[in-house]
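Me: Got a fold to go through with you. Can we take it piece by piece?

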Amino acid sequence: MDCGIIIGVKTTKALIFDSYFDDYRGVVLYVRIFEGEILKNSEILMMAAGTKGLALEVGFLTPKMSPRESLKEGEIGYIVTNLKTTREAKVGDTVTLAKGLMVREVEGGHEVVDVNGEVVKPLPGYKNVLPFVYAGFFPVSNDQYKELKEAIEKLSLSDSALRYEPENSPVLGFGLRIGFLGLLHMDIIRERLEREFGLDLIVTNPSTNYEVVMNNGEVREIKSASDLPDASEIREIREPWVKGEIILPKPMIGNVLNLINEKRGHQTNVSYIEDRAVIDFEAPMANLLTDFYDQLKSATSGYASFNYELSGYRAEDLVRVDFLVGGHKMDALSVMAHRSEADAIGREVTKKLKEVIPRQNYEVALQAAIGARIIARETIGAYRKDVTVKIHTGDRDRKAKLLEKQKRGKARMKRFGKIDIPSEAFTVMLKRD
């Protein structure tokens, strides 16, 4: 008989329902054992992540940690591992014993097989969590870039959903483009960076990811409008849609349905539970990113509750709206918008930019454009200095000469002057009217 063949042995399977990073002990897993047994100091394998580690300590919560020699089938407890980040042991993953198993690479990922070459199936229901809201985080002073990067690295140790990559803006300098699960997740990370690490940040308008189908059939994923390829190379652009559910008092249904229609969404079902109504709807994710939640609370006097999930990508008539300040395109301000909404967004944002960008000694044009077509414009007037105030005579020629000299000076400043853009300009769309 071949001693390498194992017959009739159950594969150990435990579900991770929570995990966190301890600075002194490493990643700690909270698990429920569905099959088999996990012993102290045994080698374990995370089936979805494909990573191996050691169960340095196992035990129960009573509520403090009470070490045991093992966790058996049907028990709930904790496992202290030697892993360095929660990204190696995500919530929903299946923990098993690494002995007798190996990870085999296959197309599109990997699978776990036993010594007989048979695939070992993990516990059902696991989904890899991917961010679909992105925002640029830039320090007000470039000297703090290293501190920002170190802070994000520390937060990512205990937050497996956090994704980040370096980003460089001609206006804002060096920063990070960070992916979040939603707006609440983004607000929590921003607050922690500012309060725990003392960082002074500029956060750009949040955006979602889009799928761009090129003329040759290639599908690219972009995370911001500035990454959009040339329009002549694009066949179609797909944006993420969500399925949402709103629970609210019956008398307020009309206000909420109007709000959903304004966000380019549509209602799919309305049901009633006693004095409450439940509205099921579908809407583009990008239109819910800014102030939908605030508007919903305002329309329902705070009585509505809202949740949503991603339902897929749909091809829409989307365009990139660019904003020019003094003739210079600001990539950090560019947004993706539906063509039917682009003109309104352009007019609204240029008006708000006019309020937050300070006046200069020369006239500054604020423009919104789709490609080469200008769709909106506002002008910030120049400071006016009366250069004729010292002339005590009524000589019109001398006055005209001084005014012409001032005009030439302002034209020269306009060519070489640098416009100081405050941080508020990069978040003007977070609170849209």
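**Helices, sheet and hairpin**

Reply: Helices α1 and α2 cross in a right-handed way, meaning that the near helix is turned clockwise from the far one by less than a right angle. This is a predicted model: local features need pLDDT of at least 70, side-chain atom pairs count only at pLDDT 80 or more, and totals for chains, interfaces and linings use all residues. Residues are numbered from 1 along each chain as its sequence is written, and side-chain values use heavy atoms, without hydrogens and water.

Me: At what angle do the axes of α1 and α2 cross?

Reply: Roughly 125 degrees, and the axes come within 11 Å. Axes are lines fitted to C-alpha atoms, for helices over the stretch in contact, with angles from 0 to 180 degrees between N-to-C directions. So α1 and α2 are oblique to each other. Under 35 degrees is roughly parallel, over 145 roughly antiparallel, 65 to 115 roughly perpendicular, and the rest oblique.

Me: Which residues meet there?

Reply: From α1, Leu-148, Ala-151, Ile-152 and Leu-155; from α2, Ile-189, Arg-192 and Leu-193. Contact means heavy atoms within 4.5 Å. Helices (H or I, at least four residues) and strands (E, at least two) are DSSP runs, numbered from the N terminus.

Me: OK, the four-stranded sheet. What's the strand order?

Reply: β13-β14-β12-β15, open, with antiparallel pairing. Two strands pair if DSSP finds at least two bridges between them. The edges are β13 (163–169) and β15 (201–203), each pairing on one side only. Twist averages 30 degrees from one strand to the next.

Me: How many bridges join β12 to β15?

Reply: Three, with β12 covering residues 133–139. Phe-138 stands opposite Ile-202 in β15.

Me: And where does α1 pack?

Reply: On the sheet: α1 (residues 145–157) touches β12, β13, β14 (173–180) and β15. Its direction makes about 15 degrees with that of β14. Helix α2 (residues 183–196) lies across β12, β14 and β15, at about 15 degrees to β12.

Me: Switching to rings. How many aromatic pairs?

Reply: Eight. The rule takes rings of Phe, Tyr and Trp (its six-membered ring) with centres within 6.5 Å; planes under 30 degrees apart are stacked, over 60 edge-to-face, the rest tilted. One of them, Tyr-145 with Phe-174, is tilted: 6.0 Å centre to centre, 50 degrees between the planes. Tyr-145 is in α1 and Phe-174 in β14, 29 residues apart.

Me: Last one. Which residue in the β25 and β26 hairpin takes a positive phi?

Reply: Gly-371, near 65 degrees. Two residues sit between the strands. Seven bridges join β25 (residues 364–370) to β26 (residues 373–380), antiparallel, and Ala-369 stands opposite Ile-374.
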